[in-house]
Amino acid sequence: MENNENSRDSSNNTQPTDEHIKTLEGKEALEKLKHIATKAENCFFCTNIKTGLPVSVRPMAVLDVDDEGNLWFMSMKDSTKNAEIAADPFTHLFFQESTNSGFLNIYGITEISTDQEKIDELWKPLLKVWFQGGKDDFNISLLKVVPTNVYYWDNKHGDMVAFAKMAASVVTGKTMDDSVEGNLDF
């Protein structure tokens with residue numbers, strides 16, 4: 001994945017960069033991506049990003065993050081989203097795991113698939129809410145997002161430690177930020 005130095009537009013101007021900027025690579029990057037993307041309840045899935053028109057945004061749930069870091073979603077073949085992806089496969093995804101941690105900003109290229117074996121693998125009974133015909137619904141397609149650039153914001157030691165440091169910072173007046181951010185390179 002390409003390294004995007006412009007992503008380092010941090011709101012944390014109180015600590016030296018090396019204390020809170022950490023690029024993760026390989027297995028560690030993949031684990032961070034899987035953790036945040038699968039813990040987040042929803043993803044804002046943006047299409048139509050290169051047209052100069054307002055982007056199209058909708059909440060979607062990621063079904064899987066595979067071992068190559070690709071993100072899998074299910075969609076209707078005849079949806080506006082699929083038509084936009086067919087015309088322009090560049091997508092932008094935003095994830096938020098919790099109020100104060102676990103954020104992902106992902107640019108990628110999306111492929112539309114109708115691979116029934118993969119649909120069977122990813123199928124969950126709750127999906128019948130959107131796909132009335134079940135996993136054999138003729139209108140099901142898969143969206144495979146292949147990330148080209150991933151940036152994350154998180155905390156170093158978990159939410160409890162981050163909260164304690166924030167509280168101590170308020171009391172002492174000293175910055176005790178527990179944030180960490182950087183690129184995820186697979």
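Reader: I would like to start with one residue. In which strand does Asp154 lie?

Author: Asp154 lies in strand S8. Keep in mind that this is a predicted model.

Reader: Is Asp154 buried or exposed?

Author: To read this, take the relative accessible area and compare it with the cut-off: under 20% counts as buried. Asp154 has a relative accessible area of 10%, so Asp154 is buried.

Reader: What does the side chain of Asp154 reach?

Author: The side chain of Asp154 comes to 3.2 Å from the backbone nitrogen of Gly102. There is also a polar contact of 2.6 Å between the side chains of Asp154 and Lys32.

Reader: Lys32 brings me to helix H2. How do I read a helix, and which residues of H2 are buried?

Author: Begin with its length. H2 has 14 residues and spans 20 Å from first to last C-alpha, close to the 20 Å expected at 1.5 Å a residue. Then look at burial: in H2 the buried residues are Ala29, Leu30, Lys32, Leu33, Ile36 and Ala37. They lie on the same side of H2, because they cover an arc of only 160° around the axis.

Reader: Which exposed residues does the face turned away from the buried side of H2 carry?

Author: That face carries the exposed residues Lys27 and Lys39. Lys27 has a relative accessible area of 64%.

Reader: With which residue does the side chain of Lys27 meet in a salt bridge?

Author: The partner is Glu31, at 3.9 Å from N to O. To judge such a distance, use the cut-off for a salt bridge, which is within 4 Å. Both Lys27 and Glu31 belong to helix H2 and are four residues apart, about one turn of the helix. Glu31 has a relative accessible area of 46% and is partly exposed.

Reader: How many salt bridges does a search of the whole structure find?

Author: Seven salt bridges are found. One of them joins Glu121 and Lys118, whose side chains meet at 3.1 Å, N to O. Glu121 and Lys118 are three residues apart in helix H4 (residues 116-122), so about one helical turn separates them. Glu121 is exposed at 52% relative accessible area, whereas Lys118 counts as buried at 13%.

Reader: Which salt bridge does Arg58 form?

Author: Arg58 forms a salt bridge with Glu84, and the closest N and O atoms are 3.4 Å apart. To place the pair, look at where each partner sits along the chain. Arg58 is in strand S3 (residues 56-60) and Glu84 in helix H3 (residues 80-87), 26 residues apart, and the pair links distant parts of the chain. Arg58 is buried at 16% relative accessibility, and Glu84 is buried at 15%.

Reader: What about the nonpolar residues? Where should I look?

Author: In soluble globular proteins, nonpolar side chains tend to be buried together. In this model the largest nonpolar core has 24 residues, and the members that touch the most others are Leu71, Phe73, Leu93, Phe95 and Leu104. Two or more residues come from each of these elements: helix H2 (26-39) and strands S2 (43-47), S5 (71-76), S6 (90-96), S7 (103-113), S8 (140-155) and S9 (179-185). A separate core of ten residues lies apart from it, with Leu63, Ile119, Leu122 and Trp123 among them.

Reader: Which residues does Phe95 touch, leaving out those up to four places away in sequence?

Author: The residues touched by Phe95 include Ile36, Ala37, Val62, Leu71, Phe73, Leu104 and Ile106. Also among them are Asn42, Cys43 and Gly102. Ile36 and Ala37 are on the list of buried residues in H2.

Reader: Last, the whole chain. How many helices and strands are there?

Author: The protein chain has five helices and nine strands. From the N terminus on, their order is α-β-α-β-β-β-β-α-β-β-α-β-α-β. The chain has 186 residues, of which 44% count as buried. Among contacts with a separation of 6 or more, 71% are between residues 24 or more positions apart.

Methods: Residues numbered from 1 in each chain as written. Predicted model: local features only at pLDDT ≥ 70, side-chain atom pairs only at ≥ 80, totals over all residues. Heavy atoms only, no water. Core = buried A, V, L, I, M, F, W, Y, C linked by side-chain atoms within 4.5 Å. Buried < 20%, exposed > 50% of the residue type's maximum accessible area, 1.4 Å probe, protein only. Contact = heavy atoms within 4.5 Å. Polar contact = N/O pair within 3.5 Å; in protein donor to acceptor, adjacent residues only side chain to side chain. Expected span 1.5 Å × (residues − 1). Arc of directions from axis to C-beta.
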